[in-house]
Amino acid sequence: MNNDVNQNTQPNRKTRILLADDSMDARTLLRHRLHKWGYEIIEAVDGDEAWEILQKEDAPRLAILDWIMPGMQGPEICREVRKQAQEPAIYILMLTSRTDKDSLVEGFEAGADDFLAKPFETDELHSRLRAGQRIVQLQREMIDARDILREMATHDPLTGLWNRRAIIENLRHELARAHRQKAPLSVVLADLDHFKKVNDTHGHLAGDAVLRETADKMKSSMRSYDAVGRYGGEEFLMVLPGCSAKNAREQIERIRTSIMQHRVKGFGAPIQVTLSAGIASIQEDDFDVDGLLNRADNALYEAKAAGRNQVIVATQSVEDSFENERGSGSTIELTKIKQLFDSIKKSLSNKQISESADSTAYRRIASHCGVSPQTVRSWIAGDSQPSPMDAILLNILSEQIVVERGQTPPDA
């Protein structure tokens, strides 16, 4: 918003006006009148100086220009001003001794708002300037109203973040740019853990405060060109241009830690919340918004299933993952893992094995999936996953990196 916007709403500030005329006598007469009417005057002695003043960011919104001046002429200045398309537009009143129709048409087409023929009555000048002020003020009010509507259309009213539609549009824009520039890009889906419990225990006002303060933590921890929006409920979407999966994870881990260490106060006992997040980064020739979001969502699902309050990075598809492993000389094979998984499930259902007797098998699957043996036991028992066990394993293997070549499996 221009610095001149609030002139009429601040009682101690005068409305600024440009007075451009090469005649000293004319400027002296007008200066006296304008001071009397309460204007703050900025003077220019020729057209070039007037144009220089009107190009400034804080240029006055009212201007009186003589038609004929050394340097740029009045109509020429009008044309250049209109090319700039400033908001609010500068109201230009042209002074001229020309009164023929063709001259008036030329001036209006150049961008002048009003004319006053020399010699003129000062009362008429005063009335025309007041009309100009009203027009400028109306423009300001319309611009303010437009900005408010734009804010309402693109931002979440509770958190002040981008809303779902706007953050998705931002993602589409950044994906297209990443494609053009062949640059990295990561997206993050993050969700507050057990948020319903906050509302049920402390009330919805407390829940609103948690969402607002979480949003503030996110914004303050992100780069100026990153974007974050409220994706829905207690879920957030972050777009990180130029950010690899590794760098994205480091950044989101900082955000997760910051949120975990924060306490929301004012609702009885301080409220602590934690954050789970899934990250997906674009791969070669992978510029599909839905596919990217789906991979981030699957990674978020895994973060939730693995115990919450953690960050999971989605990786390549299961077919590509195992093809790369075979190419690197790894002995890991999907069929072997699946057979082992089925064997454990069958033995468990028949009560043929005990938990301790099969710890080696649990550890073998856990090492391949990159999770703890306890998580594998939970999958097999069906405690943490409602879907069929085989599908769960395939999903886990598709979203988490398998043991890399030469990596030692984690201890049980």
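Predicted model: local features only at pLDDT ≥ 70, side-chain atom pairs only at ≥ 80, totals over all residues.
1. In soluble globular proteins, nonpolar side chains tend to be buried together.

2. If neighbours within four places in sequence are set aside, isoleucine 255 is in contact with Met218, Ser221, Met222, Met238 and Leu275.

3. Is glutamate 174 buried or exposed? Glutamate 174, which belongs to helix α6 (residues 164-181), counts as buried because its relative accessibility is 7%, and buried means under 20%. Its side chain is joined to the side chain of arginine 177 by a polar contact of 2.7 Å. Apart from neighbours within four places in sequence, glutamate 174 is in contact with Leu185, Val239 and Pro241.

4. Searching the whole structure gives 19 salt bridges, and one of them joins glutamate 80 to lysine 83, with 3.3 Å between the closest N and O atoms. Both residues belong to helix α3 (residues 74-84), where they are three residues apart, or about one turn of the helix. Glutamate 80 is partly exposed at a relative accessible area of 25%, whereas lysine 83, at 63% relative accessibility, counts as exposed.

5. Another salt bridge brings together the side chains of arginine 146 and glutamate 87, at 2.9 Å from N to O. This pair links distant parts of the chain, since arginine 146 is in helix α5 (residues 122-154) and glutamate 87 is in the loop between α3 and β4 (91-96), 59 residues apart. Arginine 146 counts as partly exposed at 31% relative accessibility, and glutamate 87 is also partly exposed, with a relative accessible area of 43%.

6. Which parts of the chain does the salt bridge between aspartate 193 and lysine 304 tie together? The two side chains meet at 2.8 Å, N to O. Aspartate 193 lies in the loop between β6 and α7, and lysine 304 lies in helix α10 (residues 289-305), so the pair ties together parts 111 residues apart in sequence. Both aspartate 193 and lysine 304 are buried.

7. Finally, salt bridges link Asp21, Asp66 and Lys118 in a network.

Conventions
Residues numbered from 1 in each chain as written. Heavy atoms only, no water. Contact = heavy atoms within 4.5 Å. Helix = DSSP H or I, 4+ residues; strand = E, 2+ residues; numbered from the N terminus. Buried < 20%, exposed > 50% of the residue type's maximum accessible area, 1.4 Å probe, protein only. Polar contact = N/O pair within 3.5 Å; in protein donor to acceptor, adjacent residues only side chain to side chain. Salt bridge = Lys/Arg side-chain N within 4 Å of Asp/Glu carboxyl O.
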